[in-house]
Amino acid sequence: MVLYNTLTKKIEEFIPYEEGKVRMYTCGPTVYHYAHIGNLRSYIMEDVLEKFLRYVGYDVTRVMNITDVGHLSSDADTGEDKMLKGAKREHKTVMEIAQFYTDAFFSDCEKLRIKRPDVVEPATHCISEFIHMIEVLLEKGYAYRAGDNVYFDTSKVKDYYVLTGHNEEELMVGVRDDVEEDANKRNKSDFVLWFTKSKFENQELKWESPWGLGYPGWHIECSCIAAKYLGEHLDLHCGGVDNIFPHHTNEIAQSEAYFGHPWCKYWFHVQHLNEKGGKMSKSKGDFLTVSLLQEKGYDPLVYRMFCLQSHYRKPLEFSYDVLDNVAAAYQKLKTRIQNLQREGELDAEKQELYRQRFIEAVGNDLNTSSGLTVLYDMLKADMNDATKRAIAEDFEKVLSLGLTEAKETAEPQDEELTAYVEEKIAERAAAKKAKDFAKADAIRAELLEKGIVLKDTREGTQWQKV
Ligand code: AMP
Ligand code: ZN
């Protein structure tokens, strides 16, 4: 496959360090609140990437951290720990908050068919590893102690800004706006590896360390957890674009300083899901969750399809109008696939042809919407139902849209009837739009006479035989 690499700013052929194996790391959620559907856009696209790599034959090991300590409310080292903020909001302990929102995150993932990574590791389980890595960085002269904290010295690395493609001044705007400078830092871009009691006295979770009672910075957790489970070389590192700076920039600095050699080959970043007012974010408090979409009547997999229809490197604006259109298309596609008969001989040549087309489409920098187009084209092509169903089942290994799974209550519909009812539904929708409610009601009655019941839902009009 070819993939855009944030590190080189080029679309490159994906060639892992070791043939046939992919060591993949994903920045996990900060579990102080529910994941919003923006966060989940990133995880959906990373899931498709992982599944695609498996589909084309790679042996993938994927590791994800759970941030349950150290992520301060500014991505720079200022403000309160986000976990503490969540605990105060809900009058619970930090660990209760972490457990609750970790479970909620994986429940959302399940609804969206996002596979659980092979390893999921909370930061609080790895304190001794963080301490060890920080000790090595101090020994090697990449870190220093100041004001009872330990800092990473960014002037010691050759190309600190390699991932960002921006200069220092551009990047500092926004990250450090209206926050006071930390006088302990030797360079503006230095960051904290370990905080002690000298700062943020009210931190709930603290651990003993060679530098005093304290807690780790956010960035060290990902370098350490990746090293713990994936070793000295990483093939692929993922996250949303907001992670590029400072988080991933700092991960590269720490890991390469620690190992003494280049670390991760490919950096995959998903653009943001935006609302009218800008980026969807947890700190705004009012954000969209999977449960909220469900309450409004949407199948979570409609949101997955919404994400798959656009390219991961383009910002995506959320709107209910677009989601409604996707819901209607999703329902139609699913019905079409479910109505495919299983009987018949499989056409192996066609299967291989469409498999290759699908690989070409999705393998082109994870172009999921082209992948969906191949699916639609295949359904229109000349081959028997059984072959079409088998190909759809095969694509589903990557798409995971639940297209081939029959709803428990759904019974196979014959194609002629489906076509007739869908035509009537479209006629009725047009009548309603033209405010011809008498006609709309007449269509409903006509169908009812034939034993067809209509139900208007957010996902469009659905029907059932009685
Ligand atoms: P967090 O829980 O804040 O640590 O974020 C979890 C993941 O979601 C990270 O990979 C972020 O980069 C990503 N993310 C945050 N906001 C958005 C958004 N609006 N759209 C897409 N991804 C996002
Ligand atoms: Zn991370």
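Some ground rules come first. The model is predicted, so local features are taken at pLDDT of at least 70 and side-chain atom pairs only at pLDDT 80 or more, while totals for chains, interfaces and linings use all residues. Residues are numbered from 1 along each chain as its sequence is written, chains are lettered from A and ligands numbered from 1 in the order in which they are written, and side-chain values use heavy atoms, with hydrogens and water left out.

The protein chain is assigned domain 1 (17-270), domain 2 (298-307 + 319-399) and domain 3 (415-465); such bounds come from an automatic or database domain assignment. Taken over C-alpha atoms, the centres of domain 1 and domain 3 are 52 Å apart.

Now for the inside. Nonpolar side chains in soluble globular proteins tend to be buried together. A nonpolar core here is a set of buried Ala, Val, Leu, Ile, Met, Phe, Trp, Tyr and Cys residues joined through side-chain atoms within 4.5 Å, where buried means under 20% relative accessible area, exposed over 50%, and partly exposed in between (1.4 Å probe, protein chains only). The largest nonpolar core has 85 residues, and L236, Y303 and L375 touch the most other members. Helix α1 (residues 37-55) is its top contributor, giving 10 residues; helices (H or I, at least four residues) and strands (E, at least two) are DSSP runs, numbered from the N terminus. Because domain 1 and domain 2 both supply residues, this core lies between them. A further core of 50 residues lies apart from it, and I131, I134, A227 and F245 are among its members.

With neighbours up to four places away in sequence left out, L375 touches L333, I337, A392, F395, L399 and L403; contact means heavy atoms within 4.5 Å. Y303 sits in helix α9 (residues 300-308) and is buried, at a relative accessible area of 2%.

H311 lies in the loop between α9 and β14 (316-317), and is buried with a relative accessible area of 16%. A polar atom of its side chain is 2.7 Å from the backbone oxygen of D365. Leaving aside neighbours within four places in sequence, H311 is in contact with R41, D365, L366 and N367.

Then there is the metal. The zinc ion (ligand 2) has C27 (SG), C222 (SG) and H247 (NE2) as protein donors, at 2.0 to 2.1 Å. Donors are N, O and S atoms within 2.8 Å of the metal (3.2 Å for Na, K and Ca), and since water is not among the atoms, sites may look incomplete. The spacing of the donor residues in sequence is C-x194-C-x24-H. C27 lies in the loop between β3 (21-26) and α1, and H247 in helix α7, so the pair ties together parts 220 residues apart in sequence. Both C27 and H247 are buried. Helix α7 (residues 244-259) also holds P246, and the peptide bond from F245 to P246 is cis, with omega near 0 degrees.

Most residues other than glycine have a negative phi, and most peptide bonds are trans. Strands β1 and β2 pair in the antiparallel sense over 4 bridges (two strands pair if DSSP finds at least two bridges between them). They form a hairpin with 4 residues between them, and K9 in the turn has a positive phi of about 60 degrees. K9 is partly exposed, at 33% relative accessible area. S400, by contrast, counts as buried at 11% relative accessibility; its phi is also positive, about 50 degrees, and it lies in the loop between α13 (385-399) and α14 (415-433).

Definitions and conventions:
Polar contact = N/O pair within 3.5 Å; in protein donor to acceptor, adjacent residues only side chain to side chain.
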